[in-house]
Each structure stands twice: as structure tokens, then as C-alpha cells.
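Thanks for making time this morning. I would like to walk you through one structure, so please have the sequence and the model open while I talk.

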Amino acid sequence: MATGRTHRPATRSRGIPEATVARLPLYLRALTALSERSVPTVSSEELAAAAGVNSAKLRKDFSYLGSYGTRGVGYDVEYLVYQISRELGLTQDWPVVIVGIGNLGAALANYGGFASRGFRVAALIDADPAMAGKPVAGIPVQHTDDLEKIIQDNGVSIGVIATPAGAAQPVCDRLVAAGVTSILNFAPTVLTVPDGVDVRKVDLSIELQILAFHEQRKAGEEHEGTAAPAAPHRDSDEQGPDGDVPAVMPA
């Protein structure tokens, strides 16, 4: 997912590469599933397969956490859950505000996975006066006029933007000015933020376009090897100056 500003060096203060950080939630999800099944240990191969990465990459990632596992035994599931949760900052409660309570914002508010992963929806905010006071997921919607006070009163540092594209940058600017330093952007636009503010963009249309590319490539591979049709014969007045292409190509 792209950010709306120039990237800083891809390392954090403890020297963990950003690519490794991006995979930690995948490991945590797989480990949590194992923990729920009371599985005590897991091999690097099994965990890598569950997370969708190769085992060599997983072992390299875990070396940044100081966790090397035990030969012949594997990794302690509960300890790894703790290590990764601590590294991701999930051992504390993170208050989050969602701005833009349309269909997408309401769906995010109703998502049950926030609380179990260290996040608490502190407030829902919308610019429509008719929405003010209406409960969504049991939380009354508040008007954007109160955005700054809401951020300060709840100590919010993470904001979620689910507004239309045209409203996203002004909302972003107000969030940043109020003290928010991390933004998850669902609006179909690129945000500009100052240094020290992190933006993660979720664009469903882009993800679908990438899937369409792969579908097209798979379809091409299925037809690979079939004979190409013969080039149609051109009369001399259809040929370009080099005798092989039309002088005027279609746009």
C-alpha cells in the first residue's frame, strides 16, 4: 500500500526492515489461530505456509525479533504471539477515530476485529448534521465541527479516513493539526502529509485491477502455444511509407 509522501529509509529504530514489519501481522494472524487450537509449538515450515511466505524469509524476519526457535522443536506459539504483539505495539490500547460514516465507514465501525487486536474505536465522525447523535455499532456519531476536541479528549493518534475523495485531504489536514500521527486512508486519493506522519492507503479498486491483471495473464498462459493467425494481406494503398504498417495508426 502506498503512502502520500516521500518514504523515509525502510528501517525502524530497532533496525527492523519495513518489509518485515509488513509481514508481522500475517505471522500474528497465523499464530493466533494456532493458539486458539492450543497448539504449543510450530515449525518454521508450517508457520510460513500458514502465513503465505517461504520459511527462509520467516526465519530471517524472526531473527530481527531475537527469536530463533529450537532445532527439532520449532517456535513456542504463545511466546511468539507475545513477541510480535509487543513489537507491533498491540500490548496497549490504541484509540482510533473513523471519519466518514457512509457505507464503508459504518462497515468499519461494525468490524469486530479491532478490539481483539489492540484497537478501540473511540469516536465516529461525519460532516452530515443529520448523522449527529445516531448510533452506529453502538457509538453515537459526532459532527466534524468537534473533530479537534474529540482527538484531544481521547488521546487519539490513529485516524481512519473513509470520506469521499474531495473531503479526504482537508480531513487529513485537520487530523494532523489535532495531533494524529498515523492515518489509514480508504478514500480514493493520495494524501499529502508532513514528515513524522505515516499514511497507509487501502484502495480496493487498485487491488481488483491487480487481480484482473493476473486473471488476464492466466488466460494468456492457457492459450499459449496456439498458432497465431496469419497476418491479413494488405493492398499497396494500405501500406505506410515503409511498406509494412499503415501510415496513420489508430489512436
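Predicted model: local features only at pLDDT ≥ 70, side-chain atom pairs only at ≥ 80, totals over all residues.

Let me begin with His143, which is buried, with a relative accessible area of 18%; here buried means under 20% relative accessible area, exposed means over 50%, and partly exposed is what falls in between, using a 1.4 Å probe and protein chains only. Residues are numbered from 1 along each chain as its sequence is written, and side-chain values use heavy atoms, with hydrogens and water left out.

His143 sits in strand S6, where helices (H or I, at least four residues) and strands (E, at least two) are DSSP runs numbered from the N terminus. Which residues does His143 touch, leaving aside its neighbours within four places in sequence? They are Ile125, Asp126, Ala127, Asp128, Pro129 and Ile150, with contact meaning heavy atoms within 4.5 Å. For one of these, Asp128, the C-alpha atom is 7.1 Å from that of His143, although 15 residues separate the two in sequence.

**The chain as a whole**

Stepping back, the chain has nine helices and nine strands, and 35% of its 251 residues count as buried. Among contacts between residues at least 6 apart in sequence, 55% join residues at least 24 apart. Gly15 belongs to the segment before H1 and, at 34% relative accessibility, counts as partly exposed.

**Aromatic rings and helix packing**

Turning to the rings, those of Phe, Tyr and Trp (its six-membered ring) pair if their centres lie within 6.5 Å, and planes under 30 degrees apart count as stacked, over 60 as edge-to-face and the rest as tilted. By this rule there are four aromatic pairs. In one of them, Tyr27 and Phe62 have ring centres 5.0 Å apart and planes at 75 degrees, so the pair is edge-to-face. This pair links distant parts of the chain, since Tyr27 is in helix H1 (residues 18-36) and Phe62 is in helix H3 (residues 55-63), 35 residues apart.

**Two residues with positive phi**

Finally, where in the chain is Ser38 found? Ser38 lies in the loop between H1 and strand S1 (41-42), and its phi is near 60 degrees, a positive value in a residue other than glycine. Ser38 is exposed, with a relative accessible area of 63%. Ala137, in the loop between strand S5 (135-136) and strand S6 (139-143), has a positive phi of about 55 degrees although it is not a glycine, and Ala137 is partly exposed, at a relative accessible area of 39%.
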